[in-house]
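User: Hi! I am new to reading protein structures. Could you go through this one with me, step by step?

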Amino acid sequence: MRHFFNSTRREARRLGQSPWDLAMVTWVPVLAVVLVVWIFSSAIPRNLPVGVMDEDHSALSRQLVRMLNASPGMQVVDEFDSESTAQLALREVRVYGMINIPRDFERDIKRGIKAEVILRHNAQFATHSSLLQRDVRTVVGTLAAGIEMSARNKRGESAQQAKVSFNPIQIQSIALFNGSGNYEKYLTAAAIPAILHILAMTAGAWAVGREFRDRTLGQWLQHEGPRAVGAALLGKLAIPWVTLTSVGAAALWYITTGRGWDIPGSLLWICLAMTLLMALSLAAGAAAATLTKSLRTALSVTGLLTAPAFAFSGMSFPLSAMPDSARMWATSMPFTHYIRLQTEQLLMGLTFGASAATPAVFLLATLGLLGLAALGLVQARDKPSTWGAR
């Protein structure tokens, strides 16, 4: 314990002397979390700007424009009089979609001729595009259903008969686990641990790597045995582990219990997994610095392993659709397994047994990486020629 506390006090002094090192494990993660929470605070995207090119200028076309504007997912911000101005607005991203109501729209409908409303949407923004397609399809479908129901009523059918004959087969869609399509639940809760995972592994690599860079490894470890070196390593990583875990747990509590979410699983179980994820990330960063004996190389390894972690986690692109090599890379990353546990508990409410393997593997991996890092430090301590590598 003496070696642990001595190393912790020494690390605290070094952090106090380096404001930017201290920032990486204190106010920078807090600021990052606050920004993510603020960005997704609206939960559901609304009022996406769209334009309309009404070539018919009829009562029915104006009614369609009013219905489009009344849809909460979009807002008609401009009406175009030519194809070229509409295309320019799309390219300049002043609007994300353009709805074209063709000439003779109302006349064709009254004559029983099929009329077509054209939606041009900017598909490079996948989320915007899918939301606009859904909302425009809903609005046009509602208008079409109203016109057909009115026509059938005029032919003597009752409202119920018209409804059944117009749509004899219906589909009932039941959304599970995130029925409201809440992006705050989906993205904020996933982005926060992803950011902290990056910062934790970076902090572990930096804390150990700078001892090599500054040629202070001997002062830190002196001539103690392997157990003392392991205790000193734990003491060095203790401060960033406590601060980053605290930030993650506080953020998780705020965006769930603090926002009044109904959590079907266990928040404590998620916090335990996050605690172990931070420990594993710090240990991995320390091991990278010890094995490479270079702060610069260790930070490069950290970026290689943590930066793509969210993209490979299955939250944005499904794991099942990835090539075998990409899927193997994804399953080798700890964040992939953590985010699955978090989703199972935060949204799905699975039992502890379904998620128990992840914390156990995290703990074993952390102990293994810490042992590897301690062994490397013992070997490097007696080779001053390896110190000083940037």
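Analyst: Happy to! Contact means that heavy atoms lie within 4.5 Å. This is a predicted model, where local features need pLDDT of at least 70 and side-chain atom pairs count only at pLDDT 80 or more, while totals for chains, interfaces and linings use all residues. Residues are numbered from 1 along each chain as its sequence is written, and side-chain values use heavy atoms, leaving out hydrogens and water.

User: Which residues does E11 touch, not counting residues up to four places away in sequence?

Analyst: E11 is found in helix α1, residues 2-17; helices are DSSP runs of H or I with at least four residues, strands are runs of E with at least two, and both are numbered from the N terminus. Leaving out residues up to four places away in sequence, E11 touches A207, R210, K236 and I239.

User: Is E11 buried or exposed?

Analyst: Buried means under 20% relative accessible area, exposed means over 50%, and partly exposed is in between, using a 1.4 Å probe and protein chains only. The relative accessible area of E11 is 3%, so this residue is buried.

User: With which side chain does the side chain of E11 make a polar contact?

Analyst: A polar contact is a pair of N or O atoms within 3.5 Å; within protein, one must be able to donate a hydrogen and the other to accept it, and residues adjacent in sequence count only if both atoms are side-chain atoms. At 2.3 Å, the partner of the E11 side chain is the side chain of R210.

User: Which side chain is joined to that of N100 by a polar contact?

Analyst: N100 is placed in strand β3, residues 97-101. With 6% relative accessibility, N100 counts as buried. A polar contact of 3.4 Å joins the N100 side chain to that of E55.

User: How many aromatic pairs does the structure hold?

Analyst: Rings of Phe, Tyr and Trp (its six-membered ring) pair if their centres lie within 6.5 Å; planes under 30 degrees apart count as stacked, over 60 as edge-to-face and the rest as tilted. By this rule, the number of aromatic pairs in the structure is five.

User: Why is the pair of W20 and W27 tilted?

Analyst: The ring centres of W20 and W27 are 6.2 Å apart. Their planes meet at 50 degrees, so the pair is tilted.
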